[in-house]
Amino acid sequence: MATTLADPVSFTIPDLHSITPFVGAFNPHYAKVASESSAWIDKFPVLTEKQRLSYISASCQLLTGHTYPYADEERFRIVCDFICILYICDEITDDQTGSGARKSGDTLYNAMKSLDYDDGSVLCKLVHEFNVRLLERCRPVTHSRFVEYWRKYLTAVTREAGLRERGEILDPESYEKLRREGSSVRVCLVIAGYASGIDLPDEIFEHPAMMTMHLTITDMVCWSNDLYSYNREQSTGHGANNVLTVLMKHKGLTLQGAAGYVGEYWKVLCKRYLDAKNNLPSWGEIIDEDVARYVKNIEHWVIGSMNWSFVIPRYFGAERHEVKKTRVVLLSPSQIVDKDAPDY
């Protein structure tokens, strides 16, 4: 019998670190930039108190330090602010209906697409201020790509809100496709070009081997995050949008069986990524150097997000260091979810 979300049980997470072929690092500009980014974000009161506390638990700047360790100080500040915006977006839309998420998404997209757009909202002003600074050093091809992937992300977030509203759990294939977009990882990999000072042309960025690597990195971040965040999500009523729930429902697995499935699939993802990396063509010495640097940099999103998950208490609480050692997670009891969150 499949384990349900309410079962008060523990489960053991697979040791993904031991089979991950990437090495982590941390940005040396973190201490200075994190405080500046936090002060800037605090100027925009767009979250309820409950959402704000959840947002704080994410330690967005710390995640950025792990996932963009190569960025110089100015670019690191930009990506710090962007990761904060992403988490603010998540906090807002997680408690909204499909129509509410669509309204928020329209503001977020239009404000990023055009500096002339202004609906008078605090959310719009937040994105405008960020975009002005981004455009100072972001090259045209990368910014255009960034806005398009931003649109895809917000479209997926709106769809996720509708699924959550209906209590619908997608089949594995449909879930994987939606999760790729709704996770925001793809847009984070695009802005890695900016953080690296690299403006890859479309014919290289969209090359089949590059795209396989891009999607596989995305899947690795999504699957590991779903594994680590499952306990938090099931206890707050957001467990339906998690690969463990999808596997339990559609493959008839227990919770432990679903966690084990993630561990086995992780090996498949690692091999898929390395095979694609080994099959990259040559575009000439100068471009090949840019490609190699960009590829190395996006790998930090996998190992960086994994390391961050065990540094902060967001997913495993005060027991996070013990969980990393024993890999045993005790499920938390369900919490009451605020159904009256405002639409922005």
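**His66 and its surroundings**

Leaving out neighbours within four places in sequence, His66 is in contact (heavy atoms within 4.5 Å) with Ala25, Phe26, His300, Gly304, Asn307, Trp308 and Val311. The model is a predicted one, in which local features need pLDDT of at least 70 and side-chain atom pairs count only at pLDDT 80 or more, while totals for chains, interfaces and linings use all residues. Residues are numbered from 1 along each chain as its sequence is written, and side-chain values use heavy atoms, with hydrogens and water left out.

His66 belongs to helix α3, residues 60-67. Helices here are DSSP runs of H or I with at least four residues, numbered from the N terminus. His66 has a relative accessible area of 12% and is therefore buried, a word that means under 20% relative accessible area with a 1.4 Å probe, protein chains only. Eight of the eight residues of α3 are buried; among them are Cys60, Leu62, Leu63 and Thr67. These buried residues pack against α1 (30-41), α2 (49-57), α4 and α14 (285-311).

One of those partners, α4, spans residues 73-94, and its axis comes within 10 Å of the axis of α6 (residues 122-135), crossing at roughly 155°. Axes are lines fitted to C-alpha atoms, for helices over the stretch in contact, and angles run from 0 to 180 degrees between N-to-C directions. α4 and α6 are therefore roughly antiparallel to each other, the term for angles over 145 degrees. On the α4 side, the residues that meet α6 include Ile78, Phe82 and Ile85, and on the α6 side they include Leu126 and Phe130. The residues of this contact between α4 and α6 divide into nine nonpolar, no polar and three charged. Here Ala, Val, Leu, Ile, Met, Phe, Trp, Tyr, Cys and Pro count as nonpolar, Asp, Glu, Lys and Arg as charged, and the others, Gly among them, as polar.

The largest nonpolar core has 108 residues, and Phe82, Phe130 and Trp150 are among those that touch the most other members. Such a core is a set of buried Ala, Val, Leu, Ile, Met, Phe, Trp, Tyr and Cys residues joined through side-chain atoms within 4.5 Å. α4 gives the most to this core, with 13 residues. Not counting residues up to four places away in sequence, Trp150 touches Phe82, Ile85, Leu86, Leu108, Tyr109, Met112 and Val187.

Methods. Helices (H or I, at least four residues) and strands (E, at least two) are DSSP runs, numbered from the N terminus. Angles under 35 degrees count as roughly parallel, over 145 as roughly antiparallel, 65 to 115 as roughly perpendicular and the rest as oblique. Buried means under 20% relative accessible area, exposed over 50%, partly exposed in between (1.4 Å probe, protein chains only).
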